[in-house]
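Work through the exercises below with the structure open beside you. Try each task before reading its solution.

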Amino acid sequence: MRIHFKTTYNDDIRLFPDRWTFMVYAALLVLAFALPYLIGEFYLGEVTNVLIWAIAGLGLMLLTGQTGQASLGHAAFLAIGCYANTILIEQGVPFIVAFPLAGIITGLVGVLIAIPVLRLHGIYLAIATIALSVLADDIIVLTEPWSGGVSGKFPEMITIFGLEIERWSMPSRFYYLVLVVTIICTLFYRNLLRSPLGRAFAAVRDSEVSATAMGVHIARTKGKAFGLSCMITGWAGALMGYYAGTFNNETFSLVISITLLMMIVIGGLGTIHGAFFGAVVVAFLPQGLSILKDGVFGSGVAIPGLETGVFGVILILFILFEPMGIYGRWLKIRIWFELFPFARKDMFRRQKSYLKTERLR
Amino acid sequence: MSLLEINNATLKFGGVVAVNDLSFSVEEGEVYAIVGPNGAGKSTAFNLISRFYEPFAGTFRFDGNNLLDLDADQVADLGIARTFQNIELFDHATVLQNLLVGRHRHRKTTLLEEMFFMPRVRREEERHRAAVEEVIDFLDLQPYRNKMIAGLPYGVRKVVELGRALASEPRLLLLDEPASGLSVEETQDMRWWIDDIRKQMGITVLMVEHDMGLVSGVSDRVLALADGAKLAEGTPAEVQADPAVIEAYLGAGAA
C-alpha cells in the first residue's frame with residue numbers, strides 16, 4: 001500500500017498525487033500516442049469511437065455525476081455541436097476556429113435551455129429533457145435549408161493549417177485529433193473539479209439548501225454546469241459527425257441520449273474514469289454481441305432488440321449490485337490487493353444517510 | 001447600533017402563524033440564544049434571517065444592510081453563516097471539500113481561470129486550504145480530513161457542519177440546535193467551542209437550543225419564544241425564572 005507523506009497543500013491540489021500515479025498516466029499517454037503503430041486500422045477506428053463516446057460521457061458526467069442533474073436530452077446537444085461545426089465550415093470558417101466555436105455555441109444554447117428547464121428536479125427534469133431529444137429531430141427537419149433535413153449532410157474534410165484529416169482515408173490522423181480533444185476535455189474537467197466551481201457543483205448535487213446558505217447561487221451554478229456540459233457534448237457531436245461521415249435528423253436520436261446516460265451509470269457516476277469505462281462498454285458491446293450471436297446462431301439470424309435488451313439488463317444489474325459502476329468495482333479490486341490480506345468484506349458498506357430536512361420551498 | 005435587528009417579523013403558513021410580530025436584536029460580540037417549546041417558531045426565525053422564507057411583515061437589518069433586499073445566497077456574502085437542525089452536509093464529498101465549500105464567498109477566480117487552472121487559482125486554493133486548516137485545528141477534525149461524510153458518525157458531522165460555517169469567516173454565526181443528538185461529552189466540547197468562537201474569533205453567535213445547561217453556560221442573553229411570539233428576554237437566569245416561561249414549558253399552575 002502506498003502512503004502519501006504530504007508536505008505542502010499543493011500535494012492535494014496537483015493533478016497526480018504521487019510519482020507512481022504520474023508514471024502510470026504518462027505510460028498510458030505514451031501508449032495512446034503509439035497506438036496507430038501497434039494496431040490495425042479497423043481497431044484504431046473502434047478506439048477512436050470509444051474516445052468520442054468518452055468525450056460525450058465527460059460532458060454528461062459533469063451535469064449528472066457532478067451536479068446531480070439528470071439529462072435525457074444530450075443527443076440534442078450532440079446534434080447542435082455537429083451541425084454548428086459543419087455549417088460553420090461550409091461558410092468558410094477554418095476548422096481550428098469552427099470546432100471550438102461549435103462547442104461554445106452548443107454551450108450557450110445549453111445555458112438558454114437550462115434557464116427554464118433547471119427549475120425542475122429529478123424525474124421531472126429527465127422528462128423535460130426527453131422533450132429536447134424529440135424536438136431536435138423535428139427542428140432539424142424544419143430547418144432544412146441549413147441542416148439538410150432528412151437527406152442529411154456530409155462533413156467536409158478537416159484541414160488544420162494545410163494538414164488534411166479524414167476519418168476513412170487517414171484514420172490515424174483522425175485518431176490523433178480525437179485524442180487531443182479528449183485530453184483537453186479531461187483536463188478541463190479535472191481542473192474544474194479541483195477549483196471552487198467544481199465544489200459548488202457537488203454542493204448543489206448533495207444539498208441545495210446548505211449550498212445556498214454558503215453563498216452558492218443555485219440557478220447560476222446549474223446554468224454553468226449545463227453550459228459546460230453542453231460545450232463538451234457539442235465537441236463530441238462534431239467529432240461524431242466526422243466519424244459517421246454522414247448524418248441527418250435521425251442520427252442523434254433519443255436512443256443516443258439514453259445510451260449516454262446508461263454509459264455513465266455503468267462506468268461509475270461522478271468520476272472521470274467512469275466516462276471512459278462506460279464508453280468502452282458502449283462502443284464494444286454491439287460488436288461483441290454480434291460476434292457472439294454469429295457464433296451461437298449463425299450469421300444469418302437477426303435478433304431484433306438484442307442490443308437494447310442486453311444494455312437494459314446490464315444497467316439493471318449495475319444499479320442493483322454495483323451502484324458505483326465499473327470504476328467503483330475497479331477501486332474495490334485495487335484496494336483489496338493494496339491491503340492484502342487485510343481487506344474486509346464490509347469496507348465499502350456505507351451507513352444509511354441521516355434524516356434530511358425537507359425542501360424548504 | 002446592533003449587529004442584527006429584527007422588528008415586527010411575521011410569517012404565516014396558511015392559517016398557522018409561525019412567527020408573530022417578533023422583535024429582537026443581537027449585539028456585536030454576544031452569544032444570543034433562542035429557546036422555546038417545539039413549534040415555537042425558533043427555526044422559522046432562522047430561516048427568515050437566511051432568507052429561505054419571505055416574511056409577511058417586518059424589517060430585518062444586519063449591520064446596516066436590509067436583508068430583505070437580498071436573495072438567500074447573498075446573505076452569506078454579508079458574513080452570516082449557519083448550521084442546520086438536521087445536518088445538511090454534502091454527503092458524497094470529503095470533510096475537506098465540505099469545509100472548502102464554506103470558503104465559497106471568498107473565491108476570486110473566474111470560470112475561465114479555473115478551466116485552465118491558472119497560477120492564481122492554485123494560489124487561491126492554497127490560501128483557502130490554509131484558512132480551512134485553521135478550522136480543522138480549532139475543531140480537532142484532523143483524523144477525518146479526507147473521510148467521506150457518508151461514513152462519519154453523527155457527532156462528527158455536527159462538528160463538520162460547525163466547521164463549514166466557521167470556514168466562511170462569518171461575522172454572525174447562526175447555530176440551529178448545535179447540541180441536539182450529541183452525548184454529554186460532545187455537548188461539553190460544543191460549549192467550549194462556542195465560548196472560544198466568541199472570545200478568540202470575535203464572532204457573534206445566535207443559536208437555537210433546547211439544552212438549558214448549554215444555553216445558560218454560554219449565552220449572554222436568552223429569548224424565550226412560544227407560539228411565534230416573544231415570551232421573555234434577559235439573562236439565562238432571568239428567563240428561567242420567568243413565570244410565563246415556566247408556564248409555557250410546564251403548563252399552567254406548575255409554578
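Two strands pair if DSSP finds at least two bridges between them. Keep that rule at hand for the first two exercises. The model is predicted.

**Exercise 1. A hairpin in chain B**

Task: Find how strand β1 (residues 4–13) of chain B is joined to strand β2 (residues 16–26) of chain B, and in which sense the two run. Then find the other partner, strand β4 (residues 57–62) of chain B.

Solution: 
- Step 1. Count the bridges between β1(B) and β2(B). There are 7, and the strands run antiparallel.
- Step 2. Check one facing pair. K12(B) lies opposite V17(B) of β2(B).
- Step 3. Look at the turn. The hairpin leaves 2 residues between the strands, and G14(B) has a positive phi near 60°.
- Step 4. Turn to β4(B). It pairs with β1(B) over 5 bridges, in the antiparallel sense.
- Step 5. E5(B) has R61(B) of β4(B) as its bridge partner.

**Exercise 2. An enclosed strand**

Task: Which strands pair with strand β8 of chain B in the parallel sense, and why does β8(B) count as largely enclosed?

Solution: 
- Step 1. Take strand β3 (residues 31–35) of chain B. It runs parallel to β8(B), and 4 bridges join them. V31(B) stands opposite V205(B).
- Step 2. Take strand β7 (residues 172–176) of chain B. It pairs with β8(B) over 5 bridges, in the parallel sense. L172(B) faces T204(B).
- Step 3. Recall a rule for strands. In a regular strand the side chains alternate between the two faces of the sheet.
- Step 4. Sort the residues of β8(B). T204(B), L206(B) and V208(B) point one way, while V205(B) and M207(B) point the other way.
- Step 5. In β8(B) (residues 204–208), 5 of the 5 residues are buried, so the strand is largely enclosed by the rest of the structure.

**Exercise 3. A buried helix in chain A**

Task: Compare the reach of helix α12 (residues 254–267) of chain A with the expected value, and say what its buried residues pack against.

Solution: 
- Step 1. Take the length. α12(A) has 14 residues and reaches 20 Å from first C-alpha to last, close to the 20 Å expected at 1.5 Å a residue.
- Step 2. Judge burial. 10 of the 14 residues are buried, so α12(A) is largely enclosed by the rest of the structure. Among them are I256(A), L260(A), M263(A) and G267(A).
- Step 3. List the packing partners. In chain A they are α3 (41–66), α4 (74–90), α6 (122–142), α13 (272–297), α14 (306–321) and α15 (325–339).
- Step 4. Step past the end. Just after α12(A), G268(A) takes a positive phi of about 130°.

**Exercise 4. One alanine**

Task: Is A167(B) buried or exposed, and which residues does A167(B) touch?

Solution: 
- Step 1. A167(B) sits in helix α6 (residues 154–167) of chain B.
- Step 2. Apply the cut-off. Buried means 20 or more other C-beta atoms within 10 Å. A167(B) has 26 C-beta neighbours inside 10 Å, so A167(B) counts as buried.
- Step 3. List contacts, leaving out residues up to four places away in sequence. A167(B) touches L99(B), G102(B), R103(B), A131(B), V132(B) and V135(B).
- Step 4. Take one of these. V135(B) is 32 residues away along the chain, yet the C-alpha atoms of the pair are separated by 6.3 Å.

Notes. Residues numbered from 1 in each chain as written. Chains lettered and ligands numbered in written order. Predicted model: local features only at pLDDT ≥ 70, side-chain atom pairs only at ≥ 80, totals over all residues. Expected span 1.5 Å × (residues − 1). Buried ≥ 20, exposed ≤ 12 C-beta atoms within 10 Å, placed from the backbone. Contact = placed C-beta atoms within 7 Å.
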